[in-house]
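Subject: Structure handover

Dear colleague,

Here is the structure for you to take over. My notes on what was found follow below it.

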Amino acid sequence: MDIVVAGGGIGGLTTALALHARGMRVTVLEAVGQIKPLGVGINVQPGAIAELTALGLGDALNATGIRTREHLYLDQAGATLWTEARGLDAGHEHPQYSIHRGELQLLLLDAVRERLGPDAVRTGARVRSFEQTDDGVRVVSDVGEFEAAALVGADGLHSAVRARLHPHQARLSAAGTHMWRGLTEMPQGFLDGRTMMLANDEQTTRLVAYPISARHAEQGTALVNWVCLVPAEVGPAGDVDWERPGRIDDVLPYYGHWDLGVLDIRAMLAGSREILYYPMVDRDPLATWGKGRVTLLGDAAHLMYPIGANGASQAIVDAVTLAAELDKGDGVAAALARYEAVRRPVTTEVVLANRKMHNDQRHVAGRSAGDKAAVLRAITSAYRATVENRP
Ligand SMILES: Cc1cc2nc3c(=O)[nH]c(=O)nc-3n(C[C@H](O)[C@H](O)[C@H](O)COP(=O)(O)OP(=O)(O)OC[C@H]3O[C@@H](n4cnc5c(N)ncnc54)[C@H](O)[C@@H]3O)c2cc1C
């Protein structure tokens, strides 16, 4: 069976590996001319790491990312409010990895090219449109037309496949939060080397920072991903782009009154070679994803706030679920319908849980220290119960 995947990001490349592992032929059509390690840090949760490990990528992940041990919640004066064990330390069978998004993408790309061949991923191949026929899909791209048994739209934030399937549906919706993001090398390391720090002040300004590089850790240093989350007026989401540059002078004033003690915030923020700006956005969940032989996957299907660190993980689980359903061999449309029936309700819950956690975390500000601990415990355990289906 020939499958075309639109988009060679985290979800599209995992889909290619999962379909190949089940004996299907795959072509990935990627819009950019050259896949470069773009982005900053992301987290991949234990359930998704279990799937990547089953695809034979456990050692490569371990050589690349950091096995996150704990989430440490602080106030702006550096007082510990709450800690939450993560990954193996929380009793999961697989780690949570904090990892460079672009390095994860290249790790997946290397595996796809090695296993499926050098032509499995076509670059400069933006998908423009598609047409379903009686026995297949014709996919129109910048490098020509492709006939396939199915088309998987894994083409991210501004998915063309999604726009064609749902021309009147769901614009981006703004969270009322600016995000500035960067990567800073810290020669002295970062906390214990395996902790994600989440700090919150009385104006609901937040700072999240965590190390993402095994290579740096081996040398006793840290490559730290940081994200500043600053309240903004809720207006239209506007033009959103993962790679838009930001300015340090726009973000530093929000942290003038902060003193975490353990960390020089000013030096960390100013130490990033590049700063990116991204307003936090998601989309209202769709009532249906696909039609016939065409479906959606990852951000194209269920764009979510990064609060909860679940976007890449959900895309990976989508990919292996889709491959398992197609492998049952009882018809493409039936398989895609079952995939959607399994994944759409779950990912809808995650989109909504991320919104709730974002709002709840902002309302921690203004409470007493004891109250904050209790509220953070309630927020994190409610989120886990929804997303991991366990207390
Ligand atoms: C350049 C870039 C940087 C990012 N940086 C971060 C980050 O720093 N932090 C974070 O949390 N998330 C980041 N993300 C998003 C993150 O990768 C996803 O939220 C998550 O991993 C889900 O993956 P996905 O495969 O659904 O989407 P993505 O990983 O976004 O992949 C979508 C892919 O589809 C391609 N594409 C788009 N339109 C078309 C088309 N019409 N035809 C063919 N291909 C198309 C894109 O070029 C991209 O490679 C970034 C995404 C991109 C593309």
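Strand E1 and strand E12 (residues 150-153) run parallel and are joined by 4 bridges. Within that pairing, Val 4 has Leu 151 of E12 as its bridge partner. Please keep in mind that this is a predicted model.

On its other pairing, E1 is joined by 5 bridges to strand E2 (residues 25-29), and these two strands also run parallel. Val 4 has a partner here too: Thr 27 in E2.

How enclosed is E1? Of the 5 residues in this strand (residues 2-6), 4 are buried, which means that E1 is largely enclosed by the rest of the structure. Buried is used here for a relative accessible area under 20%.

These pairings belong to an open sheet of 5 strands, in the order E8-E2-E1-E12-E18, with parallel pairing. The edges are taken by strand E8 (121-122) and strand E18 (294-296); each has a single partner strand, so one side of each is left without a neighbour in the sheet. At the E8 end, 2 bridges join E8 to E2, and the two strands run parallel. Val 28 stands opposite Val 121 of E8.

As for side chains, in a regular strand they alternate between the two faces of the sheet.

On annotation, an unreviewed UniProt entry gives "domain: FAD-binding" for residues 2-166 and 287-351. What is the helix and strand content of each stretch? Over residues 2-166 the chain is 29% helix and 35% strand, whereas over residues 287-351 it is 62% helix and 5% strand. The end C-alpha atoms are 24 Å apart for residues 2-166 and 13 Å apart for residues 287-351.

The last item is a helix pair. Helix H10 (residues 311-326) and helix H11 (residues 332-362) pack with their axes 8 Å apart, at an angle of about 155 degrees. Angles over 145 degrees count as roughly antiparallel, and H10 and H11 are therefore roughly antiparallel to each other. Their crossing is right-handed.

Regards

Terms used
Residues are numbered from 1 along each chain as its sequence is written. This is a predicted model: local features need pLDDT of at least 70, side-chain atom pairs count only at pLDDT 80 or more; totals for chains, interfaces and linings use all residues. Side-chain values use heavy atoms; hydrogens and water are left out. Buried means under 20% relative accessible area, exposed over 50%, partly exposed in between (1.4 Å probe, protein chains only). Two strands pair if DSSP finds at least two bridges between them. UniProt positions are given in the numbering used here, feature names are shortened, and annotations may be inferred rather than shown by experiment. Axes are lines fitted to C-alpha atoms, for helices over the stretch in contact, and angles run from 0 to 180 degrees between N-to-C directions. Angles under 35 degrees count as roughly parallel, over 145 as roughly antiparallel, 65 to 115 as roughly perpendicular and the rest as oblique. A crossing is left-handed if the near helix is turned anticlockwise from the far one by less than a right angle, and right-handed if clockwise.
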